Amino acid sequence: MNREIYAYKCKRCGTMHYPFRMVCKECKQNDFFEFDTVPLPKNGKLLTYTKVYNLPAQYEVATLGLGIVELENGMRMLGQIEIDNPKMGMPVKGNVEVVRQEDYDDFYGMVFRDA
Amino acid sequence: MRDVYVAGIGITTFTRLEFALSEIASYASMMALKDAGVSEVDDVYVANMGAPRVNHQTALASAVVDSLSLTPAGAAAIENGPASGGSAIKAGFQAVASGMSDVVLVAGVERMREVNNLEATDFVATLTHPIAEYIYGVTLPAHAAMFTRLYMEKYGVTERHLAMVGVKNQNAALNNEWAHLQQEITLEGILDSPEAMTNNPYVAEPLRFFDACPVSDGGAAVILVSKEKALELGRPLIRLSGIGQATDTHAVHERVEPTDLLAVRKAAADAFEMAGLTPEDVDVAELHDAFTILEIAESEEVGFFPKGEGHLALERGETALGGKIPINVGGGLKGRGHPVGATGVAQAWEIVTQLRGDGGARQVEDAKVGFTCNFGGFGNNVVCLTFVREG
Ligand SMILES: [Zn+2]
């Protein structure tokens, strides 16, 4: 299944937001839910990253890769990374997958790999 | 607006404490009340982040005010993440400055060692954006690590600079009997020796174990009073002269320039403007070094050094005791410890100690103006304060 993560485009001024906010940060329009959803691009470049060793209790892995990616439309997002030798500026490609499991709940988010 | 003075201060040892949360807050408060020479207050503000989640306790201020037999004074808890302490001091200031209260107790407290380290890390991580950050397993060390990598790339900060902050602050804590860490460290031991990778492993690359503050329990308290009351009590006149608070985007990735800490910049500028001071006037500062990189970045954003040059000032020794602007002479969060809700109040405790000339081996000579930066979230909610000794 091809899952998406959505950006929120202000119906009044067109500004794109990720994550969701109730009021547009650009035009401050105060109309309820006046945003269109637009799928975030999945290709981008790795802006910064880390490998974390002390993970929250739910993670049953030794380390976790995390990064902030600048997507090809200029928006940014944080995601997990599965890249052996990450480098700042390298091209990456995202896929929406399970990023956290708690009890019987699955949480989906973007996982980036070497493009 | 009335002038507001700090008439009393108190603190507990920062470490693992086997006392109830409200007792830790009360202990620091009793010291502050005794120091000020007051036994009645108009209002109590208790800064705390984790009581409902970590200690299974809500309405903490109601417990503290009664434990201290200060009823029927007003009482409220203030939860504002790691900036809870600074926020509670701001609330106390507003109460006195407005004329509604003459004497206010502000206590900060956290008891995080009640749960294991992984649970404590997860509890602090709940301050991140729930959908865009938290679900990915992001922790505060992870945010700090990604920020550090950008800082290294842009400004030439190295792991050695980070380690220098760690050594400076952890060893400064040796001069502070209340501080959590009482173990001397060296650059050799944590960076240069063959054992360094074992002694000082990565927790979130490029940050290592000694780049992060410890997980601590502890409490701190201050008594804020009107000028009339301050003169009556006869303690050294330390005025809380400036307060700035500013916020930034919840999700870190949304910030236009990811190496900027705009909330720190604005909170500091507002505090200095309110006080009629400039960064050059500051004799001693407490910056929020939950991670070593933050001391470097904040030292720039608050205006002590130009952006990108904090690590150079560190190299020149300007931020050490005896330097141009001594930072975290009591150990900072790195050495003193970081019981989250207590930290902003503990920073004020250290500055008042310094302005009174009671710093002992860590005293900054003739300190008249002090500054604190209490950094909440990952830089998305920041409170800065200025303190001035009068007379
Ligand atoms: Zn808009």
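Me: Happy to look at this predicted model with you. Which residue of S7(B) does B:Gly108 stand opposite?
Reply: B:Gly108 faces B:Ala220 in S7(B).

Me: How do you know that strand S4 and strand S7 of chain B pair?
Reply: Pairing takes at least two bridges between two strands. Strand S4 (residues 103–111) and strand S7 (residues 217–226) of chain B are joined by 9 bridges, so they pair by that rule. The two run antiparallel.

Me: Nice. What is the order of the strands in the open sheet of chain B?
Reply: The 9 strands follow the order S3-S2-S4-S7-S1-S8-S11-S10-S9, with mixed pairing.

Me: Why are strand S3 and strand S9 of chain B said to stand at the edges?
Reply: Strand S3 (74–78) and strand S9 (284–286) each have a single partner strand, so one side of each lacks a neighbour in the sheet. On average, neighbouring strands here are turned by 25° against each other, direction ignored.

Me: What lies across strand S8, strand S10 and strand S11 of chain B?
Reply: That is helix H11 (residues 262–275), which runs at about 150° to S8(B).

Me: What makes the radius of gyration of chain B agree with a compact globule?
Reply: For 391 residues the globule rule gives a value near 21 Å, and chain B has 19 Å, so the two agree. The C-alpha trace spans about 55 × 45 × 40 Å along its principal axes.

Me: And how many of the residues of chain B count as buried?
Reply: A residue needs 20 or more other C-beta atoms within 10 Å of its own to be buried, and 62% of the 391 residues of chain B count as such.

How values were computed: Residues are numbered from 1 along each chain as its sequence is written. Chains are lettered from A and ligands numbered from 1 in the order in which they are written. This is a predicted model: local features need pLDDT of at least 70, side-chain atom pairs count only at pLDDT 80 or more; totals for chains, interfaces and linings use all residues. Helices (H or I, at least four residues) and strands (E, at least two) are DSSP runs, numbered from the N terminus. Axes are lines fitted to C-alpha atoms, for helices over the stretch in contact, and angles run from 0 to 180 degrees between N-to-C directions. Two residues are in contact if their C-beta atoms, placed from the backbone, lie within 7 Å. The radius of gyration is taken over C-alpha atoms; the globule rule is 2.2 Å times the number of residues to the power 0.38. A residue is buried if 20 or more other C-beta atoms lie within 10 Å of its own, exposed if 12 or fewer, and partly exposed in between; C-beta atoms are placed from the backbone.
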